[in-house]
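Work through these exercises with the sequence and the model side by side. Try each task before you read its solution.

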Amino acid sequence: YQLQESEERFRLLFEESPMGIATYKEDGQCIMANGALAVMIGATREQVLLQNFKKIESWQRSGMLDVALKAMNTGITSRCVVAVVSTFGKELELDCDFAPIKINGKPHLLAMFNDVTHLRQAEIEMKEAKDAAENAAKIQSEFLSSMSHEIRTPLNAIIGLTRLALDTELNLKQADYLRKILTSSMSLLNIISDILDFSKIEANRLKIENIDILLEETLENTMSLFV
């Protein structure tokens with residue numbers, strides 16, 4: 001009864017496993033395969049049972065055959081991850097384990113297959129998304145840098161000409177207007193520099209500076225814009 005119960009548990013595990021499982025004789029002929037393997041490679045179970053792993057072209061092309069024979073020859077479980085097109089035309093990425101076993105004292109090969117195609121595809125999609133994000137960040141950084149330069153060039157001219165104008169003979173109102181133009185231009189120049197710093201943050205090139213300021217002068221300049 002215990003033997004029967006044990007065999008039943010094994011049969012259930014074998015049949016219900018999401019992993020593709022097959023057993024082959026020493027000459028390569030398949031003697032047992034579960035439904036998951038048949039579905040995995042796009043075949044029927046009967047078709048799988050007709051296969052001899054030593055004669056399967058996809059095993060030969062992908063290198064699976066060498067790994068399987070190594071397991072049988074050395075008596076040590078071998079593993080590989082390969083991209084294959086099965087005999088039945090299905091493209092797969094397989095994580096394979098080959099274990100040498102004995103049945104009734106005779107050497108056999110136990111092969112276990114996990115379909116990792118979706119995982120590989122997810123990795124490819126993640127890499128593509130990462131590359132796209134990095135490329136977008138690079139384009140944004142280059143755009144900000146270019147625009148900053150294009151805006152700063154005429155702004156520096158405004159600041160320079162305003163300073164020259166302040167050195168000429170002016171009435172009080174004209175001088176006040178020009179000082180406000182100068183202060184506003186300097187503030188705008190600082191804002192542009194801050195925008196450029198955002199691109200430096202994304203590129204991990206931002207440096208923190210410690211600069212002394214005159215609080216009274218800063219407050220006066222700010223207030224002058226609204227008076």
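**Exercise 1: A residue in a loop**

The side chains of glutamine 51 and threonine 87 make a polar contact at 3.5 Å. (A polar contact is a pair of N or O atoms within 3.5 Å; within protein, one must be able to donate a hydrogen and the other to accept it, and residues adjacent in sequence count only if both atoms are side-chain atoms.) This is a predicted model, where local features need pLDDT of at least 70 and side-chain atom pairs count only at pLDDT 80 or more, while totals for chains, interfaces and linings use all residues. Residues are numbered from 1 along each chain as its sequence is written, and side-chain values use heavy atoms, with hydrogens and water left out.

Task: find where glutamine 51 lies, and decide if glutamine 51 is buried or exposed.

Solution. 
- Step 1. Locate the residue. Glutamine 51 sits in the loop between helix H3 (45–49) and H4. Helices (H or I, at least four residues) and strands (E, at least two) are DSSP runs, numbered from the N terminus.
- Step 2. Check the cover. Glutamine 51 has a relative accessible area of 13%, so the residue is buried. Buried means under 20% relative accessible area, exposed over 50%, and partly exposed in between (1.4 Å probe, protein chains only).
- Step 3. List the neighbours. Leaving out residues up to four places away in sequence, glutamine 51 touches Gly28, Gln29, Cys30, Ile41, Ile56, Thr87 and Phe88. Contact means heavy atoms within 4.5 Å.

**Exercise 2: Salt bridges**

Task: how many salt bridges does a search of the whole structure find? Describe the pairs of arginine 61, arginine 79 and aspartate 176.

Solution. 
- Step 1. Count. The search finds five salt bridges. Each is a side-chain nitrogen of Lys or Arg within 4 Å of a carboxyl oxygen of Asp or Glu.
- Step 2. Take arginine 61. Its partner is glutamate 57, with the closest N and O atoms 3.2 Å apart. Both lie in helix H4, four residues apart, about one turn of the helix. Arginine 61 counts as exposed because its relative accessibility is 58%. Glutamate 57 is exposed as well, at 53%.
- Step 3. Take arginine 79. The closest N and O atoms between arginine 79 and aspartate 95 are 2.7 Å apart. This pair links distant parts of the chain: arginine 79 is in strand S3 and aspartate 95 in strand S4, 16 residues apart. Arginine 79 is exposed at 53% relative accessibility, whereas aspartate 95 is buried at 14%.
- Step 4. Take aspartate 176. Its side chain meets that of lysine 180 (3.3 Å, N to O). Both residues lie in helix H7 (residues 172–202), four residues apart, about one turn of the helix. Aspartate 176 is partly exposed at 28% relative accessibility, and lysine 180 is buried at 19%.

**Exercise 3: A positive phi**

Task: which residue other than glycine has a phi near 55 degrees, and where does it lie?

Solution. 
- Step 1. Recall the rule. Most residues other than glycine have a negative phi.
- Step 2. Name the residue. Asparagine 104 has the positive value.
- Step 3. Asparagine 104 lies in the loop between S4 and S5. At 77% relative accessibility, asparagine 104 is exposed.

**Exercise 4: A residue in a strand**

Task: is phenylalanine 113 buried or exposed, and what does phenylalanine 113 touch?

Solution. 
- Step 1. Find phenylalanine 113 in strand S5.
- Step 2. Read the accessibility. At 3%, phenylalanine 113 counts as buried.
- Step 3. Check the contacts. Beyond residues up to four places away in sequence, phenylalanine 113 touches residues including Met19, Leu37, Trp59, Met64 and Phe98.
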